[in-house]
Amino acid sequence: MPATDKFVHDLKKVHVVFAVSAFALLAVTIWMMAADHNDPWRPIQKKGFNLDAERTSREIDLAKDDEFLTKQQQLEQQRAAADDSLEAIQTQVDDLTAQFDEADRLFGVAEAHEKERREYLGVARANYDIGVRDNLPATELERLKQKFNAEQDQVDVLALQTERRQTDRNEALQALGDLTKERDGFVAQLTELQSETAALEKSRQQIAPTGLSGIKRTLMEWPIIDGFNSHLRIHQDWLPDLEQVLGMTSTARFDRCRTCHMNVDKIESGNLPAYPFGHPSSESIDDWIDENKYPHPYATHPRPDLYLTASSPHPVGTFGCTICHEGQGSGTDFTNAAHYFNDPHEYHEWQDEHGFKTNHFWEYPMYPKRFQEASCIKCHHRVIELATNPEFGESAPKVVEGYDLIKRYGCFGCHEINGYKNGDPIGPDIRLEPQTEEQKQKVDSDPSLFAGEMRKVGPSFRHVGDKTSDAWLQFWTEEPMRFRPTTRMPQFFGLSDQFKAHGGDETAETFEPVEIAGIAHYLLDKSEPLDLVHPDENYEPNAERGKELFATRGCLGCHSHKDFPDITEDFGPELSRVYAKLLPGKAGFDWLYTWVKDPMRHHPRTKMPNLFLEPYTLGEVHIDPAADIAAYLTTKDEQDTSLEFSHATKNTVDESALLDLTRLHLPLSADDKNAVLADGGQFPLDASGTVKGDEVELVFRGSAVAGGDQTTFKADFDATAVGLGPNSELAWTSGKNRGRKYKVASFNSGAGSLTLADALNEPPAAGDTFVVNGPITHDMLLNYVGRRSISRFGCYGCHDIPGFKEARPIGTTLQAWGRKETSKLAPEHIEHWLHHHGEPDGSSTHDRAQEAVRRAEADEFATEEDEQNELSAAYFYESLSHHGRAGFLWQKLRQPRSYDYEKADTKRYDERLRMPKFPLDEQQIEAIATFVLGLVAEPPSSEYLYKPEGPAHDRVEGELLINKYNCAACHILDLPEVEYGVGPDELVSTPITPADHPAAIEKLLELNPPRSGKTGKTIEVGEGDDKQTLSVINFHGLLFQRPDAELDLEDREHYFDLWETLDVDDVRLLPGSRMIVPEASLVSEKPARGGKFAEWLVERLMKTTTQGTRALAWQKSPPPLYREGVKVQTPWLYEFLLDPGRIRHETVLRMPKFNMSPDEAKTLANYFAAVDGAGYPYQHIDQREPQYIEMKNRELEDVLAGGNEKYLTQSWKTLNAPLCIKCHSLAGRTVKVADPKKDVRGPDLDGISRRIRPDWLLVWLFKPQWVTPYTSMPANFPAGQDQFPDLLGGNASDQIVGVRDALMNYYRLIETEGVTIYEPPTPTAAPPAGEE
Amino acid sequence: MRNNVRMWSTALLACGTMVLVGCGGNRGGADTETTVTLKPSTSAGGTASGGSGDNGGAASVAEGFGTFKGRVRFQGTVPSLAVKVSQGAAIKDADICAAVDVPDESLVVNSDGGVANVFVYLQKVPKGAKKTEPSEEPVIFDQKGCRFIPHALVVRVGQPVRVVSGDQIAHNTHTLPTRNSESNNIVERGSRTGFMVNYTKTENVPFRVICDFHSWMLAYHLALDHPFGAVTDANGEFEIPDLPAGEHKFVVWHEGSGFLTRNLKITITADQTTEQKIDYPLEKFGVAP
């Protein structure tokens, strides 16, 4: 059958197929569009808009209060009445309106006319100017000029007319206005009244419009239509400069987070979050508004001063979100955005609420809240600015704690954190400083290299033999915390739980004592004798006095001791039982004496400063403070019987274990090992004769005493015992002949010297070393095992150990650990370990985590803290079970060797993990994890890095040094801040007394500019009828006295001395004012930053020395460094920091000399000026300039003794009058001090010209109490007194300036005027009729 | 134990004579040695109220005003105190300061046991007290031979203190109050105009005034916002007039060890003078026997 159309195209069938497929396609299209429209963010945005509209409505309601409504109604009535009265005179109004309209029209016409004519005038002017330019003949120019003049005349006429018309118009308007004035006034008042509500209504109309606009807005939310600029849309922050790494390339970042988090940057007045985050009681937005708590994603970001707002340092438009939070910025649903839960409990909640799954396809999910601060260090490489900032305070405490802990425990000794890559900064830099001169030179000569800055955190072992014994070293190394629970030294041995879990760990039990003995042996064998210093032979140290000196001379600034339980400082070790560790008897005493007296003798890089503990004589008594302190610290506490240690107990080493361990370590074949370890065996030198590595301990060594042809050598061993004789071979290990072997020609065993047979082409230089092999001894084996152990455990990362100067850190570097591929972590069998064991008490970590989640879900936790801790553990456990970095790190720090669980069969003893256990608690571990996870080595483009310049930079660098040298132990850096409530009129401005110089106030305000003490907060005090609301103010000052405990509660008052200039409304309080703070209205007392030791010392001295007078005790203690920058000259401070001389005679201790580099001193000197906004680094002293002195000469011409004396001469006399000398030594005269315990002695005045800034000095001389409220220095030249009428005109104010200028010109005047004793003339006139 | 017995017997004795010394105010053993003798003629009319619910110094107030007069006495052998500066000592400004011996004024007792320089005062204005303005006439606080004169001074808040000097050297007069701001000014040699110190707030206890130039110079000031305070004179006597009738709690304070009695309860009768002798043993004055 031939094919027909009907057969090929069965039209009916075709139609059916077409119809079905068309419907199907339509259905799919609709489904597709519906699915596309069904974005999870749409309802969120809608709810967000509703929330906004509702809030606005509430604000409108709030604004339309009764007062508003009454007022509005009243105005409307008044307006209506006014309208009515206008209606009564409607014809008059109409007439005037018509008049005005006509006048206005005529004015418009005249104005247009004039304007038109001015155009012609412009043309005429231009034509004339062109004529001038083209040098037209004079006649032609004259014609053009005429034309211009004619135009000018016309314009003048028209201008006059316009003016007249305008007057007419204004008069008509005035007439009309007079008639409608009343009504217009009411309208204006009404508009003003309604302006706020009108604005709110307008904004509500935009979010939730009514009427037609409302319909339009609803329409715009419909599918398809919403594609045309709907208000519901994805909000995208485009950040082309903040690239993100995707796979193997980096691309621009775009964040859509604000699609849902639409209120993140909304603030209200006072820079407060408009939608503060919280957990409202229900889902209803009414409740949210009532409670002013908003859940995510509707909440505002915290700290608007710091984040997102345009005025903050991190505006959202520039930074976006994911640069800090991580996660998938392009994701627009909860899971896709790669949110990450803070703990497993939250995970379960999110699963229920959002159907949350972890997004495995996005490599870097958001930081959970606990690690949020990790990202700060991407840009803040110096970290410290996150701890203290004058504007933002402590902004990231957790990451800073992690950073501090890493520095404190010396993690960088093994794990370098290199902050540079190819010379570019990539993150925080925490590395050891160059250890050798060569390393230092290399860094200095290559601009792309940056030197590390860290010192080794442990003590040096270079002279350990003078300090302690073999027994002690073993006792300590085995378990440091056994002796000193607060030590930072981690535990390396006895960490075998993971092996013991399956039948004990015999290997470790056998080998560890040998390793410990080997380490101690090596350290003592390599110890070099220390050049000890000793007290006078006849000196009898006094331990009791030593205790007092220990307390007062500053030791407690860094150390603690059980005799002083109020001090918990732990910058240096706790010293209660230090007597037990030092060599017994005189040897230990001598070492300690040397150490406290001159620490750098023991270790040139020590942080222990020189405290200037020089001997002195007090009355008849000769005192050597270092000896007394050493005697105190070496006196055994007979009460303390808890310590089971004796220097005399020498551990015996298991000989076979020693051989086995050596065998394990020797890098030789089994046969060679046997040969070496056989009786009389020798370590084989290879063909070149070099010995690399720790095996150097198994050969004998010597060195060239003097170079040249007649080279002689000194052997460090008994040459005969080694069998060294003619024809023996020597192998070079250092110098130019390294790696060559030479034959001995002769040797002199008596002197231990020898000569070589070979004629050397390159004669060795003095100090070149050689080796020779010989029979290996027991001591050599111990040294070898010790050295191997030190190498293996990396002890030299923290300690200076002879033989390890060049050694590299043993651990993995951490600078990119936050991005370490999780597949490269080796969790081994950790899950098994944690499932069955894991907790310190042997219980299961798995069970702990499960229990935590269960209790959280059942809401069973007793305290928030407990919940946080347990859920934190559960989080880390969960992370570890998913091979997460955070969990890995957590367990590594908790139980560093636990990853060896069930690995005994495939790991040799020396392949076991080496990471020691640090005494860290779980919160500290979390802080460290926060820091390490932030080490991503992926800095954003360089303009995002925090690179402060000028003072901000110097402040950051200075803060690092302040931490490094623990300056804040002794010195208050920021004064305590007190907040309390004051009633109205309670504060009265500090009176200016007749003794004050009004001119001085101005200077004071320059140096100590007023700060407003208003906080905007209030406090309620009292009860019942006495209840009153006080406004809270804050001020900075020092405690003067605590309340008398015997008084009734309502009578108790705290007293403080104000140190700053404080404004509270119209009241101005000057420094030195006594602040009375009733206990009932005290809101808070924020302690000082720094100065704990000083405050402790003040309390002590009040009891022991100053009979309760706090001011005198402060004068004997380290001074607060308040506004130090405006006080001292920067170059002086630089020199003082490097070599601090004695300034104050009153203090019971001295500023110690720190082991500080000139660069560091410079940075620190600049720091103080930078903090106070003072100019630096150089100061120009105007008062020394001839122009200034000449000006003063002229200014005071009349009073300068009839012109016979110069200004400076009289100033010098004033300085040398019988006033300053009462307390200060000056100009070759020493102050008379009869009783050094009681008489106050001020600083010597010879150094003032280099030390003090002239402006500060002036205020100080005017009124010292304004500068340092506790000072004994009086106002020496009060206004109104006439002490030296013949000097500088007898004017006290001029005399103060004169004294200042004499001090500034001190060295010049001592040259020109010499030692001067000025005695004022005896007054001849009778004293003024007085009160007697 | 012995102390307790003593305390109770003392208290009973005191209560028995209707004077409430020691009933409520004693804390610890220090106060227990206080014995109080009372002139019988003035005890009439004393109403011993419970002392609770009191406001300020006056526990209960009746109409009228009376005077409190008394004498502070020392029981025991008067110790001889070493001079603070002996004549001719090699000290600062020796010409003037060591011209004669400078005595230790920490305990000044006359021949029959009267103790000078003891502060007797109310800490708060009693209810019903007449309002009086402080005198505008300055109180003179002098310095002579490197000693402060007077050694102990009560002054009204608002009444200026003129600090002057009779020495031909400069002194610096440094007040160390608790509730007022400190003043630390030089007084030029021999100045009879000197400078003014103004106390604007009442103090709870007397405070030290020192000269930082001459470390032994010491005086005590007490500023009060009412007139009910006195310092004992050379005979140990004092008088406080115009007290509203009723019970008052007086502070008896001496520089040796502070509070001699913290709450000396005295009942004042209208238009009468209440007289009282107050005796203290040696230890109360902080002086080693």
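Me: Which residues of helix 45 of chain A are buried?
Reply: They are A:Ala1292, A:Gln1295, A:Ile1296, A:Val1297, A:Gly1298, A:Val1299, A:Arg1300, A:Asp1301, A:Ala1302, A:Leu1303 and A:Met1304. Buried means under 20% relative accessible area, with exposed over 50% and partly exposed in between (1.4 Å probe, protein chains only). Bear in mind this is a predicted model, where local features need pLDDT of at least 70, side-chain atom pairs count only at pLDDT 80 or more, and totals for chains, interfaces and linings use all residues. Residues are numbered from 1 along each chain as its sequence is written, chains are lettered from A and ligands numbered from 1 in the order in which they are written, and side-chain values use heavy atoms, leaving out hydrogens and water.

Me: What do those buried residues of helix 45 pack against?
Reply: Among their partners in chain A are helix 40 (1186-1195) and helix 46 (1306-1312). Contact means heavy atoms within 4.5 Å. Helices here are DSSP runs (H or I, at least four residues; strands are E, at least two), numbered from the N terminus.

Me: New topic: at what angle do helix 23 and helix 26 of chain A cross?
Reply: Roughly 55 degrees, and their axes come within 10 Å. Axes are lines fitted to C-alpha atoms, for helices over the stretch in contact, with angles from 0 to 180 degrees between N-to-C directions.

Me: What does that make them to each other?
Reply: Oblique, therefore: under 35 degrees counts as roughly parallel, over 145 as roughly antiparallel, 65 to 115 as roughly perpendicular, and the rest as oblique.

Me: And what comes just after helix 39 of chain A?
Reply: A:Gly1173, with a positive phi of about 65 degrees. In helix 39 itself, the buried residues include A:Leu1164 and A:Phe1168.
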